[in-house]
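Hi,

Here's the structure I promised to pass on. Have a look first, and my notes follow below.

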Amino acid sequence: MTLRLGLGVFGMQAVPQRPDHHVKLYRDLLEDADLAEALGFDSIWLSEHHFWFDGYCPADIAAAGAILGHTRRLGVGTAVMLLPMHSVEKVAADATTMSRLGEGRLSLGVALGYRDAEFDGFGVRRKDRGKLMDSMLPRLADACRDADPPVPLYVGVATAIAAERAGRLGLPLFADSTMTATELRTMLDAYNQAAATAGVTTPPAHALQRDVFVTDDRERDWAALLPELRYMRRQYGGWSFPQEPAESVPDYLDRLEADIEAKLKNLILGDTAMVTARLREFESLGFDPIVCRSQFGNLPRDLLRRAIEGLGRVRAEVST
Amino acid sequence: MRLGLGPIALAGSTRASLEALAKAAVAASFDSVWVAESRAGGVGGGLAAAAFLAQLVPIRVGAVLDGGLYHPLHMAEDIAIADVTSQGRVEVLLRGAPEEHVRLVLAALSGAHMRIDGPTLRVPARLEANQPAPDALALNPRPAQAVVPVWVDEAMQAIGRDLGVGVAAAWRADTPAPAPSGRWPGMLLCAGDVAAADLLRAAGKAASYFLVDASSPENVRSAGWRLVGPLRMPGFPEWINQQ
């Protein structure tokens, strides 16, 4: 059975260890999209954050526009847009226009967001994000369904509560990469129960994001990846658990480290056969497409290109 | 003098229709190709479409944007990403944007560390509920261009001149083009069949930027043939286009 593979997720970060200019980063992204298209990937996915020094992409649909113009077949998705910080009318109008220009290749993943400073920039209280999502999602879902061509809409989730929100609307999930198989099952149960209570039809499958790196030399590539993964996870952790005013930097780094060790273990690192088998396991839980994150911050170009080529071999395997 | 194609309405446009017009503009030596949103009709994505277009053609790309309908920081972020992905080829015309929004977009694009207390917007909002809330914020990434060319519509002429952005107006017979403002020429939005002599008369002694709304590739070719020579060279010999 064919499993669709997406390539992701691109945050377009000029990380401290490799602070490339953003003109180069986006040129590299278009090259990576070319390679993904040539290797037969289903899609490529962008991520969103705001006001961070490394230039994390704050405008996914604009960036998607460049990829849609540059490519002809590849899908382009957002993983994920932070919907409560946006105007839902703007997102709907932007997405439906770009779906038409992109000939149906745009998908939207949307989620709550979690960093107070980003909400504050847009004058939104973080604590209102759930209510905002409840009010925005049905309107966005209607606009996406009615668009010509329609825009596939996914709800980004990392908890059962968020899954229940999507379940009440029967919208497919975009499950976070940090969740274990057990957590995913629990979340799907909560989703299905909410959907059944609401009396809505559930989609045939959900999307999943996984950290994946295909390699024939685990030891060598783990050594290369660890500092990149650690930086990326510290950054996300730093946004989720900000440093306390009285907390020293070493104490804070220790606290972050405790949070990220478990998440680092979720990385699927192995050869084509091993990665294929692991992705099939997630497919059997009900996930398709699976968006494989091989870009961690801003990897060295040769390392990332090798990872994409490796994933291309996995894609060939899961297409049969 | 500068010559742009458009603005092409995004409503109803497809990749094929946009690409055909944009490529005709390149072939006819236009300086830029523009698209226009119509948010009242649910058609947005002007900057995403400009980023899209920049992958199809090597010339500058412009977007006519409906302002005042969403947070101006999102507009600034869209401009920055469209500019970075196009390697510094983006231009914008804001219509219907309140002064406060235009000021905020320009401040954000400048890369300033912003702490703004405007009539309706505080940036950052510094809400008690958000902790930690920043004292200031900055747009990242910044646009590729040191200064993104921005025009505002004629109704905002006084504000535009105060802010040093360009002013754009619709073509009217025997009416001069808007005067240059800041670093930018006045912009005139014209019909596809406009005559070179009329444009030169509207420009007078100032540089102007003419957006010509030619609606088919053939009309683009015809407009380019008719306008490019006379706009680029004073006293352009008529016989050249009549060979």
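A residue is called buried here if 20 or more other C-beta atoms lie within 10 Å of its own, with C-beta atoms placed from the backbone. By that count, 52% of the 320 residues in chain A are buried.

Before going on: this is a predicted model, so local features need pLDDT of at least 70 and side-chain atom pairs count only at pLDDT 80 or more, while totals for chains, interfaces and linings use all residues. Residues are numbered from 1 along each chain as its sequence is written, and chains are lettered from A and ligands numbered from 1 in the order in which they are written.

Chain A has 11 helices and 9 strands (DSSP runs, H or I of at least four residues for helices and E of at least two for strands, numbered from the N terminus).

Now helix α6 of chain A, residues 160-169: its buried residues are A162(A), A163(A), A166(A) and G167(A). They fall within an arc of 145° seen down the axis of α6(A), so they line one face (the arc is that of the directions from the helix axis to the C-beta atoms). Just after α6(A), G170(A) has a positive phi of about 70°.

As for the partner, 49 residues of chain B are in contact with 40 of chain A (C-beta atoms, placed from the backbone, within 7 Å). α3(B) gives the most to that side of chain B, with 8 residues.

Cheers

Definitions and conventions
Contact = placed C-beta atoms within 7 Å. Buried ≥ 20, exposed ≤ 12 C-beta atoms within 10 Å, placed from the backbone.
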